[in-house]
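Good morning, colleagues. Please look at the sequence and the structure on the screen while I speak.

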Amino acid sequence: MAVIALAGCSGAPGVTTTALALLLSWPLEPGRRMILAECDPDGSAVLHGLLQGTLGDRYGLRNLSIAARQGELGDAFFRQLIDLSSDERTKESSRDRLLLPGITDPAQAASLGSVWKALGVIFRGIEAEHGHDVLIDLGRRGAFGPSGVLAEQADAVFVVVRNTLRCLQAAEGRVRTLEERVGDVGVLMVNEGPYPASEVQRVLQVPVVATLPYAPKDARVLSDGAEQPRHFTKSPLMKAARTATTLLVQRAALRRARLDPGGVHAAEGEVTRAR
């Protein structure tokens, strides 16, 4: 279906919180999966945020660098995924919303130099061969440097921006640089500040594709593992995230059709298999 990358800028725009909201609200047909890969070179925000350190470093991106050196990256990838799916009513897991946790120390990013490109191929294979969607959290600087190859291989790239003056000033240069690297990008706006989407589009000169409300209490459930209130999935944040997923997928499909009009869109090199 789609491989979508989220990037940020300085000013704490909330990339990981946004990515988690999308993961947990993504509409899935039976047999489909959604995979969120935390590829932020600054380190994982989920392991000690949403998951509150309960898993230690047993799973995640760091282990894939070891597997890559042993030539086992494709098989190891699926063993590193953890399940974040559950039915709010039955508490049973459908194992269709999966997370690849990020590194636990930014120093570990140096060992991933040869892994980023291979991961991009794996993501393309998962999407092409199994019809699963992949969401890549690149963090505030992951769209630049070695891990930026993941943005280049995505169907669409969106910059998460808060509509505050501080964040917009930080985003201008990042958006321009990212456009030079991957072509057109879109904005996913967190509506904290005073500027409407039309003004954000004018300043950044890229379309605001979707908007999420600024909802600190609900966001802390995802960013810090705060207690989940009843009917959290029906909160304004999660409702807006569900709407956003449709808009992001539509833009990804349009961009793919424009760049690949013949429909030739196959993964290369890495053999992957669903589990």
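Predicted model: local features only at pLDDT ≥ 70, side-chain atom pairs only at ≥ 80, totals over all residues.

The lining of the second largest pocket consists of 16 nonpolar, seven polar and five charged residues. Here Ala, Val, Leu, Ile, Met, Phe, Trp, Tyr, Cys and Pro count as nonpolar, Asp, Glu, Lys and Arg as charged, and the others, Gly among them, as polar. Residues are numbered from 1 along each chain as its sequence is written, and side-chain values use heavy atoms, with hydrogens and water left out.

A pocket is an open set of points on a 1 Å grid over the protein atoms alone, where a 1.4 Å probe fits, with protein on both sides within 12 Å along at least five of seven lines; lining residues have an atom within 4 Å of a point. The second largest pocket is lined by 28 residues, and nearest its centre lie Gly14, Val15, Thr17, Arg162 and Ser223. Helix H1 (15–25) is one of the elements that supply at least two lining residues, and H1 gives the most, with six. Helices (H or I, at least four residues) and strands (E, at least two) are DSSP runs, numbered from the N terminus.

Buried means under 20% relative accessible area, exposed over 50%, and partly exposed in between (1.4 Å probe, protein chains only).

Finally, the charged pairs. The count comes to 13 salt bridges, each a side-chain nitrogen of Lys or Arg within 4 Å of a carboxyl oxygen of Asp or Glu. In one of them, Glu127 meets Arg256 at 3.0 Å, N to O. Glu127 lies in helix H4 (residues 115–130) and Arg256 in helix H9 (residues 236–259), so the pair ties together parts 129 residues apart in sequence. Glu127 is buried, at 6% relative accessibility. Both residues belong to a network of salt bridges that also links Arg124 and Asp155. Another pair joins Arg141 to Asp42, with the closest N and O atoms 2.6 Å apart. Arg141 is partly exposed at 39%, as is Asp42 at 34%.
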